[in-house]
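Have a look at it first, and then we'll go through some of its parts.

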Amino acid sequence: MRVNFTVNGRPQEADDVWEGESLLYVLRERLGLPGSKNACEQGECGSCTVRLDGVPVCACLVAAGQVQGREVVTVEGLADFARERAEGRATGARETGGGGTPLDRAGRWQATGHDSQAGEGTGLSPVQQAFIEAGAVQCGFCTPGLLVAADEMLERAPNPSDADIREALSGNLCRCTGYEKILDAVRLAAARRSEGV
Amino acid sequence: MAADGAPTRLAQGTRTKGGIGESTLRPDGTLKVTGEFAYASDMWHEDMLWGQILRSTVAHAEIVSIDTSEALAQAGVYAVMTYDDLPTDVRHGLEIQDTPVLAHGRVRHHGEPVAVVAADHPETARRAAAKIKVEYRELPVVTDEASATAPDAIVVHENRTDHHAAHVPHPNIVHRQPIVRGDADGAARRADVLVTGDYFFGMQDQAFLGPESGLAVPAEDGGVDLYIATQWLHADLRQIAPVLGLPEEKVRMTLSGVGGAFGGREDLSMQIHACLLALRTGKPVKIVYNRFESFFGHVHRHPARLHYEHGATRDGKLTHMKCRIVLDGGAYASSSPAVVGNAASLSAGPYVIDDVDIEALALYSNNPPCGAMRGFGAVQACFAYEAQMDKLAKELGMDPVEFRGINAMEQGTIMPTGQPVDSQAPVAELLRRVKARPMPPERQWESSEGTDVRQLPGGLSNTTHGEGVVRGVGYAVGIKNVGFSEGFDDYSTAKVRVEVVGGEPVATVHTAMAEVGQGGVTVHAQIVRTELGVGQVTIQPADTRVGSAGSTSASRQTYVTGGAVKNACELVREKILDLGRRRFGTHHPAWATAELLLEGGKVVTDGGEVLADLADVLGDEAIEVEEEWRHRPTEPFDRRTGQGNGHVQYSFAAHRAVVEVDTELGLVKVVELACAQDVGKALNPLSVLGQIQGGTVQGLGIAVMEEIVVDPETAKVKNPSFTDYLLPTILDTPTIPVDVLELADDHAPYGLRGVGEAPTLSSTPAVLAAIRDATGLALDRTPVRPEHLTGTA
């Protein structure tokens, strides 16, 4: 079958799609977008998390045919998506009384080194930049899914408490970091955003 | 250099930034957050086929027949291969070559590869594999020590010729290592208290998230180019080439992006299968396991049964220790012999015990093969000896930390192997530090807004608002060796090049080190900046065009490949300075007399005088050095007494666990898991914290969640999925405050101490101790599940 849908703002057409193929397979193998990861292919690990009409889903559990005519955002489009949102083209954020982490505390572990390849001036979204700086990336296989999930949470709840962050990211497994640096990264992204940094 | 050639002083702050000791950020970070980093499963090639492995559905059987005709007839299928299609009958294996690439007449464990298929779509390949008809005649299964060593036991591997075969009491024992030192029986008579225990440690999965994957591309010379996620390219190569019947130079390997490893990529998985299919079809072949297959596609952590006896005097001094550790190695040897060596030599823990009687062994069985996982034999022992320490402290009426402190080893302590601990061993200090931390507040689920069930055992299942919830606190400390032991030639190789590009000096580092997420690539650039004063460092992809780096395991890469990079830099620096002396030596006497350094892109004296720009010294010349580097040698353990200087370095970590247990439902919430670890020197503090926290959570996993369940009747795996094999999520994971000590080890580069594994040891027993503290239960197995806490097991 043929599937037409929008990925990261661009219309895409996938041909010869077998009915059993997942959205994840179509993204990775037919559209050249392997950023969404294939860690479990059974909806348990969250590494393939994408936005489907704004809602975070495991792309491995979405049949390709289900996305006909719909909009998908993957990690490859996250920076543009966040930029457009910041420019006011997509909102929906609401304040929650979560009691988040202030910037000075969120940045207490701040890395002092620098590296020309580590994201300076490459137009990353705030949550992507925070993941690099906070050390939330090791092997990085869980990272794309976590970024999409974290970005979506910060859109809904810009000032999350730690418990809010844990709840929102509980569908994303990470085997390397022990999650502490992921919490650091999300706190940092939230704090920068709320303090306009 | 000033225009007149007179020296200037290096301005303050012009040292090269991003050197060792800084939390330099990962060079692959941007690629990884944008989805552009190419993992092994992301690779794609024009005209590529997909490989699929057919695995045995039974654990132990003779293969009566295999019929591939229906699979071959399916449209889209390019090749189906069985044992009969192999170019050689060479087997592979890390230490003992006992593993057939495809089963030959017999399968020895559930999920053993029997046939491979190549097709133009992965689903076509899967369906074709399902059409291969294999007739099995089932055999009785060997599943534990009793069934392995019974008089009529079926021998899992007949006619063994490996170097352990002549020294084991039964052919179903892979390797056995006794360690005898002092007189344990005699010392036992001095004991005022005697404590024994029998412990069980469950089978843990590495559960790296990036599935086993690779792409094999056939080459015109009859060889193959393999792009692969592994922990050690050259060990793969050494095993792959003979099975393919090719010389090593015709198998060219390049590391692709690795999505975690934790020991699970030390053994081969799909490497040879992909190469076989590529050579057979003449087309590139990609194989990607799904999660179900991944549970069968790599070795696991050895489950273990451990018996311990300790004695102590009334004033809290350990008198002796006897232990027997039985590891289940499963159907193939993998790294079982080395795991036995570790379990035996580290079985006494970080304590002073002069009189010991130790035996560790690994079985051959029909259970899933077990091998390397983070902590490698030391983890199982730590779980048991730390339970023993708590029992002894209780028996003596002493505080568990105080009791451990009385017996804690320090520099100069003699190990059970007779090896002196010849660098810092701050065991008591690490415990003191975790104990001194403020406690997390009681009833932390309560706030002004009411009860937050997310902070309670059971979480959003809303099973309690605090009723029946009891807090417990537990401590543990462990000892892990760093690097490969027992006389292994544990070297690494680094190639470092410095040249001028666009007027600026730039450095290139080329090693075969597998970057699996640990951050070795970050550290290599830091070392170059520190040693050569060159800010711009490029890390070449790891491949087999450069010499072996050894394995990314045993907490060894920063030590050994880091050491190799440092060594290569020192040799490059000497060449640069020689060049400088030839070109500019007459300009300033300091060229001949002073200690010269490279800093901030300049040649400077140790007093800070600038003698020349590095770019001017180099001119058009590129300086390049490729050199092997070794840590100090080790010795094998004596087969009978276990004596020998077997280890390179030790690494220590301690944990304090605070848990809350819903005693009615048996649900555990780990509230805090504080760690203190000595790392010698933190080359990259941010990465060090990441290693410690990540290792800690893998220890938490085996404490309360993770276990591969194998049916004792059939030896079949019952839970090969992330639905049924539970991994800690961010909700299961507590705050992990970390206290990092930097007590230099003078034998190691920069004084560093391997970091990655030690935190995985003590985390598990600390959590267990805390649960025992909360519940009063003995809990002699891990993981602890609700039924063990409610008496319904």
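## A sheet of six strands

Chain B has an open sheet built from six strands in the order S8-S17-S16-S15-S9-S32, with mixed pairing. Strands here are DSSP runs of E with at least two residues, helices are runs of H or I with at least four, and both are numbered from the N terminus. Two strands pair if DSSP finds at least two bridges between them. At the edges of the sheet sit S8(B) (173–181) and S32(B) (781–782), each pairing on one side only.

Who partners S8(B)? Strand S17 (residues 356–363) of chain B pairs with S8(B) in the antiparallel sense, over eight bridges. Take Ile179(B): its bridge partner in S17(B) is Ile358(B).

## What kind of model this is

This is a predicted model, where local features need pLDDT of at least 70 and side-chain atom pairs count only at pLDDT 80 or more, while totals for chains, interfaces and linings use all residues. Residues are numbered from 1 along each chain as its sequence is written, chains are lettered from A and ligands numbered from 1 in the order in which they are written, and side-chain values use heavy atoms, with hydrogens and water left out.

The pLDDT is the predictor's confidence in each residue, from 0 to 100. Chain A has a mean pLDDT of 88, and 82% of its residues reach 70 or more. Over residues 91–98 of chain A, though, the pLDDT is below 50, and beyond near neighbours in sequence this stretch has 18 contacts in the model. A contact means heavy atoms within 4.5 Å. Residues 107–119 of chain A also stay under 50, and the model gives them 38 contacts beyond four places in sequence.

S30(B) (residues 667–678) and S31(B) pair in the parallel sense over four bridges, and Ala676(B) stands opposite Asp739(B) in S31(B).

## Two hairpins in a row

S25(B) (residues 596–599) and S26(B) (residues 602–605) pair in the antiparallel sense over four bridges, with Val604(B) as the bridge partner of Leu597(B). Two residues lie between the strands of this hairpin, where Gly600(B) takes a positive phi near 55°.

S26(B) also pairs with S27(B) (residues 609–613), antiparallel over three bridges. These two form a hairpin with three residues between them, and Gly608(B) in the turn has a positive phi of about 95°.

## Two crossing helices

What angle do H10(B) and H11(B) make where they cross? The axes of H10(B) (residues 378–396) and H11(B) (residues 400–407) come within 9 Å and cross at roughly 110°. Axes are lines fitted to C-alpha atoms, for helices over the stretch in contact, and angles run from 0 to 180 degrees between N-to-C directions. That makes the two helices roughly perpendicular (65 to 115 degrees; under 35 is roughly parallel, over 145 roughly antiparallel and the rest oblique).
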